[in-house]
Amino acid sequence: MPKVFWQFRNLAGGKKAELLLYGNISDTSWWDDEVTPKQFAKDLDGLGAVSEIIVRINSGGGDVFAAQTIGNLLEQHPAMVTAQIDGLCASAATVVACHCNKVVAANDSTYMVHPVKMGICGYLDAVKMNEYISALATVRENIVTLYAKKTGREKEEVSGWMDATSWWTGPQAKENGFVDELTHDDNQHAAVENRNGVLFVNSVSMGLPFEAAPGFLQDSLAAPPAASGFENTQTKKEETEVEIKNVEDLRKAYPALVDQIEQEAAERATNAERQRIRDIEEMALPGSEEMATEAKFEKPVAAAEYAKAAVKRMKAQGEAWLKNAEEDAGPLGNVGQTTPPKGGDKIDDEMMAAIRNVAQPQK
């Protein structure tokens with residue numbers, strides 16, 4: 001199962017709990033996923049008989065099917081569910097918020113709605129494209145209906161907001177019906193950062209280019225950091241004082257950087273493996289297919305090691321051939337020239353080419 005992106009926590013007294021939704025709402029789609037939704041439902045049920053759940057949100061969105069599943073599970077829970085927007089509530093995160101009984105937002109929080117989007121890979125024919133268009137229309141209709149129910153506005157007005165990709169401050173979102181209350185706490189501020197062109201809010205990547213954020217959000221760069229009340233949420237000052245002792249500390253302090261390093265390392269490893277297999281295939285001689293397959297997959301070895309083994313095998317074959325040639329000469333010591341095996345020159349040439357190939361530096 002993918003690493004969970006949520007965190008549940010029971011609070012003192014046992015009757016109240018918190019759910020933290022910071023960052024992407026699932027890195028993979030919950031469409032046809034039978035494992036992750038069950039885990040979320042299990043974790044939610046594990047809270048026990050709580051009477052109140054606070055859903056703290058600081059997210060740029062993510063998978064709409066995950067958001068719909070989470071929202072519906074929260075809506076069906078007997079507890080009073082309140083969404084607390086600490087920083088950014090955008091895209092799919094708004095779906096979760098609209099399913100809650102009440103939405104409370106910080107004064108300088110940000111709310112964003114936009115058109116439904118779908119990532120598609122590969123080549124599609126007209127029939128398949130129409131199927132995706134139909135799916136988009138269905139998802140859009142569900143979200144528009146949810147927004148209209150939450151805000152009390154007409155579907156046409158809500159659709160217009162989505163089509164325009166609307167960014168609002170907390171008070172503006174309240175005016176439009178998406179937020180029920182503002183915190184009115186002067187000590188709570190969302191910490192907005194531009195980290196290498198990526199938007200971070202309260203030290204969490206929103207997965208959005210900073211330049212795509214609205215002007216009022218970019219202008220809040222100088223705002224003091226927020227006090228979220230969560231143990232694993234750090235302010236700017238705290239973040240600079242964190243002592244990084246291991247990989248997990250580094251991941252918490254610089255999640256985007258660690259993700260980039262891991263992706264680049266995985267790409268390099270994949271390219272190196274492809275090159276290793278390609279080198280072995282180029283060195284493999286007729287009759288050594290079984291040996292090459294074993295070196296590539298069953299008992300993987302470096303191309304240089306395979307070349308050594310191939311040379312050793314050829315040497316053994318040569319010695320066996322000479323021995324057989326001597327035995328064929330007979331006990332009388334007849335003098336004559338033994339005919340070499342057919343294609344011997346070609347094998348020698350291919351063997352030398354393989355050795356030269358291994359001697360060359362890898363690109």
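**Figure 1. Aromatic pairs in the predicted model.** Nine aromatic pairs are found when the whole structure is searched. Rings of Phe, Tyr and Trp (its six-membered ring) are paired if their centres lie within 6.5 Å; planes under 30 degrees apart are stacked, over 60 edge-to-face, and the rest tilted. The pair shown is Y147 and F178, which is edge-to-face because the ring centres are 5.2 Å apart and the planes stand at 85°. Y147 belongs to helix 4 (residues 126-151) and F178 to the loop between helix 6 (170-175) and strand 8 (181-182), so the pair ties together parts that are 31 residues apart in sequence. Helices (H or I, at least four residues) and strands (E, at least two) are DSSP runs, numbered from the N terminus. Y147 counts as buried at 3% relative accessibility, and F178 counts as buried at 1%. Here buried means under 20% relative accessible area, exposed over 50%, and partly exposed in between (1.4 Å probe, protein chains only). Y147 and F178 also belong to one aromatic cluster with Y111, W161 and W168.

The model is predicted, with local features requiring pLDDT of at least 70 and side-chain atom pairs counted only at pLDDT 80 or more, while totals for chains, interfaces and linings use all residues. Residues are numbered from 1 along each chain as its sequence is written, and side-chain values use heavy atoms, with hydrogens and water left out.

**Figure 2. The largest nonpolar core, seen around V55.** This core has 50 residues, and V55, Y111 and F178 touch the most other members. A nonpolar core is a set of buried Ala, Val, Leu, Ile, Met, Phe, Trp, Tyr and Cys residues joined through side-chain atoms within 4.5 Å. Leaving aside residues up to four places away in sequence, V55 touches L19, L21, L74, V81, T82, A83, Q84, V96 and C100. A contact means heavy atoms within 4.5 Å. In the protein, 38% of the 363 residues are buried. Of the contacts with a separation of 6 or more, 64% are between residues 24 or more positions apart.

**Figure 3. Salt bridge between E18 and R56.** The closest N and O atoms of E18 and R56 are 3.5 Å apart. A salt bridge is a side-chain nitrogen of Lys or Arg within 4 Å of a carboxyl oxygen of Asp or Glu, and the count by this rule is 10. E18 lies in strand 2 (residues 16-22) and R56 in strand 3 (residues 52-59), so the pair ties together parts that are 38 residues apart in sequence. E18 and R56 are both buried.

**Figure 4. Salt bridge between E181 and K102.** The N to O distance between these side chains is 3.7 Å. Because E181 is in strand 8 and K102 in strand 5 (residues 102-105), the pair ties together parts that are 79 residues apart in sequence. E181 is partly exposed, with a relative accessible area of 36%; K102 is partly exposed as well, at 26%.

Figure 5. The side chains of K128 and E131 meet at 3.0 Å, N to O. K128 and E131 are three residues apart in helix 4, so about one helical turn separates them. K128 is partly exposed at 33% relative accessible area, and E131 is partly exposed at 41%.

**Figure 6. Two loop residues with positive phi.** S91 is a residue other than glycine, yet its phi is positive, near 55°. S91 sits in the loop between strand 4 (80-90) and helix 3 (92-99) and counts as buried at 15% relative accessibility. T165, also not a glycine, has a positive phi of about 50°. T165 sits in the loop between helix 5 (155-163) and strand 7 (166-169) and counts as partly exposed at 34% relative accessibility.

**Figure 7. The loop at P300.** P300 is in the loop between helix 11 (289-298) and helix 12 (303-329). P300 is exposed, with a relative accessible area of 53%. Its contacts, not counting residues up to four places away in sequence, are R276, E294 and A295. P300 and E273 are 27 residues apart in sequence, and their C-alpha atoms are 9.9 Å apart in space.
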